[in-house]
Amino acid sequence: MTDLEVRHATHPDQVPGFDTAALRRAYLVERLFTDDEVTAVLTHHDRIVLAGARPANGPLTLGTWPELRSEFFLERREAGIVNVGGAGTITVDGTKYDLAPGACLYAGRGAREVTFESASASEPADFYIFSATAHTAYPTTLVAPGEGNRLELGDQQTSNRRTINQYIHANGVQSCQVVLGVTTLHPGSTWNTMPAHTHDRRTECYLYFGLPETERVVHLLGEPDETRHLLIADRQAVISPSWSIHSGVGTAAYSFVWAMAGENQAFTDMDGVDVQDLR
Ligand SMILES: O=C[C@H](O)[C@@H](O)CC(=O)C(=O)O
Ligand SMILES: [Zn+2]
């Protein structure tokens, strides 16, 4: 276990004063996946923990961090975990779950022992973990890739034809706070959510994956009338505070895990911003 990186919450008034490096330090999580490590970042925006586990040469155990003052990581937390690497397994308190690439496991509050393993050392699993605080225990549940509630959105004419798979949500796998899914762009489409939106009641994080190594996503963030951009590589995550838009365009097609936590779980509780109102 590497140290927990703690990131304090930011105010939108700080954004105009941030240069590129400061924006990246505040909102981009560049390295989540390292062989045989669990890497984690705590953002004080809704106390979300983003973590990555890559079991390369053997099983990896999810420990806890002193900053959480908990006996085990999920003592007061829940987590949505998506496999963005090769096939692997997660064992939760003795029960083993097979996670094909793209599969999602919800791990409920109270699960003590969580271990990660790859099916093959030559193509290790990359487990992306999105965790929020939890007031009660919902059952640990596996969702196969593509098995969630499917939404077909966008149009090829505007380069944003994409499939949204809602995994952990109001009408799917139950959770306290976490709402999570995977969106995949169709070939030739490059824009995710545009017109963009905010949702003042939730923080949202994106983990981009399936993007070729030589390509990037230009991700827009900030208040709608004061936007900035980040250039994001494969398997990097970005934190969007409640006041920030979160919309990106890739130099190639890609997928991303979107995950939220906060006041409510209403997916449609969004405030859209017309394209011509963005600055
Ligand atoms: O609040 C919800 C989110 O931003 C995502 O679900 C958006 C998304 O996956 C997409 O439009 O492609
Ligand atoms: Zn959103």
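## A friendly note on the predicted model

1. Let's start at H197, which sits in strand β16 (residues 197–198). Strands here are DSSP runs of E with at least two residues, and helices are runs of H or I with at least four residues, numbered from the N terminus. Please keep in mind that this is a predicted model: local features need pLDDT of at least 70, side-chain atom pairs count only at pLDDT 80 or more, and totals for chains, interfaces and linings use all residues. Residues are numbered from 1 along each chain as its sequence is written, while chains are lettered from A and ligands numbered from 1 in the order in which they are written.

2. A residue is called buried with 20 or more other C-beta atoms within 10 Å of its own, exposed with 12 or fewer, and partly exposed in between, with C-beta atoms placed from the backbone. Leaving out residues up to four places away in sequence, H197 touches I245, M270, D271, G272 and V273. Contact means that the C-beta atoms of two residues, placed from the backbone, lie within 7 Å.

3. Now look at the record. An unreviewed UniProt entry lists H197, H199, E204 and H246 under "binding site". These residues are spread over 50 residues of sequence, yet they cluster in space, with a largest C-alpha distance of 11.2 Å. UniProt positions follow the numbering used here, feature names are shortened, and annotations may be inferred rather than shown by experiment.

4. H246 belongs to the loop between β20 (237–240) and β21 (247–250). With 26 other C-beta atoms within 10 Å, H246 is buried. Beyond residues up to four places away in sequence, H246 touches E204, Y206, L221 and S240.

5. Which residues surround ligand 1? The shell consists of R162, I164, T183, N192, T193, H199, E204, H246, W258 and M270. Being near the ligand means having a C-beta atom, placed from the backbone, within 6 Å of it. By class, this shell has three nonpolar, five polar and two charged residues. Ala, Val, Leu, Ile, Met, Phe, Trp, Tyr, Cys and Pro count as nonpolar, Asp, Glu, Lys and Arg as charged, and the others, Gly among them, as polar.

6. Strand β22 (residues 255–262) is worth a visit. Eight of its eight residues are buried, so β22 is largely enclosed by the rest of the structure. In a regular strand, side chains alternate between the two faces of the sheet. Both faces of β22 are covered, with S255, V257, A259 and A261 buried on one side and F256, W258, M260 and G262 buried on the other.

7. What pairs with β22? Strand β15 (residues 179–185) runs antiparallel to β22 and is joined to it by six bridges; there, V182 stands opposite V257. Strand β17 (residues 202–209) also pairs with β22 in the antiparallel sense, over eight bridges, and Y206 has W258 as its bridge partner. Strands count as paired if DSSP finds at least two bridges between them.

8. Elsewhere, seven strands form an open sheet in the order β1-β3-β4-β11-β6-β9-β12, with mixed pairing. Its edge strands, β1 (4–7) and β12 (141–143), each pair on one side only. Within this sheet, β3 (residues 38–43) and β4 (residues 48–53) pair in the antiparallel sense over six bridges, and V41 stands opposite L50 in β4.
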